[in-house]
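Me: I would like to go through the labels given to parts of a protein chain. Please set each value against its definition.

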Amino acid sequence: MFKHNPKFTALLLSGVLGLSSVSFGASTAYAEDSQIAVYTITFDLSEEGVTLEEGDVVEDISGEYGVSVFLPEAIPVKEGYRFSGWTIDGIRGYEAGDVVQIYDNATYKPVWTDPLDTTKYSIHYNVEVNGETLDISADKLDGKAAPGKILRVATKSYENPDALQLGWKYAGEEFFTSQKFVVPDHDVQLDANWRFYHDIIYYAGEVDRLYTSNTARIARAEGIATDLAQSSKFTRDGFDLTGWECSADGKIYKPAGRFVMTYEDVTMTAVWTPINYTVVFNPGTGNKDVKKVQGLTDTSIIVPENTAVKAGYYFDGWLYKDEKYYPGDEFFIYGAPQGLGIALTANWVEGSAPETTTTTSTEVVTTTTTAAPETTTTTGGVSDVKGDANGDFNVSVADATLIMQNIANPDDYKIDDALRANADVDGENDGVTSSDALVIQRYLSGSVESL
């Protein structure tokens with residue numbers, strides 16, 4: 001029989017089976033959730049009378065969390081017994097050369113069968129759906145086996161409208177496809193292992209400018225990792241869907257991010273981030289004359305002057321959706337359909353601009369002078385007001401706009417290093433992000449009480 005060179009019995013096979021990408025609830029760890037640690041598998045051959053064949057070696061195996069390794073192919077020897085495999089707890093079984101994953105320090109002990117003992121115990125598979133036991137005798141899953149025998153669980157699965165079958169359950173343990181158990185000194189019943197379906201309810205929130213309904217739901221089996229909906233699940237003018245806020249743990253997950261399904265329905269509420277538009281003012285006379293102003297959805301910008309000249313015409317404001325805006329006016333950024341920008345075009349009128357007439361009145365006017373309101377001027381020092389990104393000792397839409405402008409174009413829109421701590425109002429010192437601009441806007445609208 002072919003044997004691995006003992007030097008290779010400890011070969012680490014990280015990801016060799018792709019098992020780290022499949023989740024069965026708590027049994028799976030992800031890189032972002034786990035600290036790097038090294039664990040060791042040891043093999044206990046201290047039982048009296050246990051030896052190894054000449055030339056065989058069984059060595060400890062060490063590796064990081066989740067790494068896949070080969071168990072030794074060396075066969076322990078004990079007079080009067082036949083080596084069946086390895087076990088940690090007397091329930092799960094592993095045969096020589098099997099691939100296992102390291103999740104903790106563990107000690108494997110040999111499992112033996114007695115070839116002279118003719119005793120066999122029954123192995124029975126049981127399937128219950130909604131309280132009714134199915135007759136699965138035609139599938140011939142049942143059998144008998146000697147104590148100490150290591151058996152692979154049946155691969156057969158059954159339908160349940162309310163649940164997904166993931167292998168079988170025995171002695172309080174879940175056994176998935178290809179996993180094995182040690183036959184004890186008594187009869188065994190393996191029950192269908194059901195993971196029941198629950199709903200992920202996607203909720204856009206009570207928001208405007210949606211192109212779809214604000215709720216959708218999808219069923220997923222409990223304890224199973226699933227990909228959340230992508231950012232295109234809901235479409236809203238002027239906003240990007242940048243996350244899902246989970247009702248179960250309060251965390252915000254990325255669109256299409258991995259999520260282990262809870263054991264009850266869960267709501268994922270959309271996190272909306274206003275788009276930082278570059279509003280284009282195009283006079284139609286060439287790129288050199290185009291004006292561009294940045295601003296967030298639901299904020300206002302000041303309409304710029306037009307410096308272009310068109311022979312035989314005069315400029316009469318900027319047009320956007322049949323509305324006319326003049327330099328100095330406020331333009332409210334309502335947002336645009338996904339994938340589209342915002343552009344205003346010059347309104348040119350043929351001929352010369354009409355002359356303006358100034359009328360001087362001889363009427364005597366009585367003027368009442370009202371004292372200007374008092375203003376508070378802060379001199380010296382650097383603002384430490386949370387949310388104050390521009391250093392004017394106040395929190396306003398200008399701070400949210402500056403943050404988005406800084407993210408989009410940090411060379412032209414700078415935030416002083418001394419003020420970046422003010423701007424970082426969301427997260428735990430994770431730097432200035434679009435989420436900070438969103439929190440400031442929520443604060444200004446009253447949906448967030450404090451920064």
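Reply: Residues are numbered from 1 along each chain as its sequence is written.

Me: Why is Gln294 called buried?

Reply: Buried means under 20% relative accessible area, exposed means over 50%, and partly exposed lies in between (1.4 Å probe, protein chains only). Gln294 has 15% relative accessibility, so it counts as buried.

Me: Where is Gln294 placed?

Reply: Gln294 belongs to strand β26, residues 291-296. Strands here are DSSP runs of E with at least two residues, helices are runs of H or I with at least four, and both are numbered from the N terminus.

Me: What makes the pairing of the Gln294 and Thr278 side chains a polar contact?

Reply: A polar contact is a pair of N or O atoms within 3.5 Å; within protein, one must be able to donate a hydrogen and the other to accept it, and residues adjacent in sequence count only if both atoms are side-chain atoms. For the side chains of Gln294 and Thr278 the value is 3.5 Å. Contact in general means heavy atoms within 4.5 Å. Leaving aside neighbours within four places in sequence, Gln294 is in contact with residues including Asn276, Ile301 and Tyr413.

Me: Why is Lys140 called exposed?

Reply: Its relative accessible area is 72%, so Lys140 is exposed. Lys140 lies in the loop between β12 (132-133) and β13 (143-145). Its phi is near 50 degrees, a positive value in a residue other than glycine.

Me: What is Ser178 called, buried, exposed or partly exposed?

Reply: Ser178 has a relative accessible area of 41%, so it is partly exposed. Ser178 sits in the loop between β16 (173-175) and β17 (180-182). Ser178 also has a positive phi, about 80 degrees, although it is not a glycine.

Me: How do you know how confident the predictor is?

Reply: pLDDT is the predictor's confidence in each residue, from 0 to 100. The chain averages 86, and 86% of the residues score at least 70. Over residues 1-34 the pLDDT is below 50, yet this stretch has 58 contacts in the model beyond near neighbours in sequence. Where pLDDT is low, the predicted coordinates should not be read in detail.

Conventions:
Heavy atoms only, no water.
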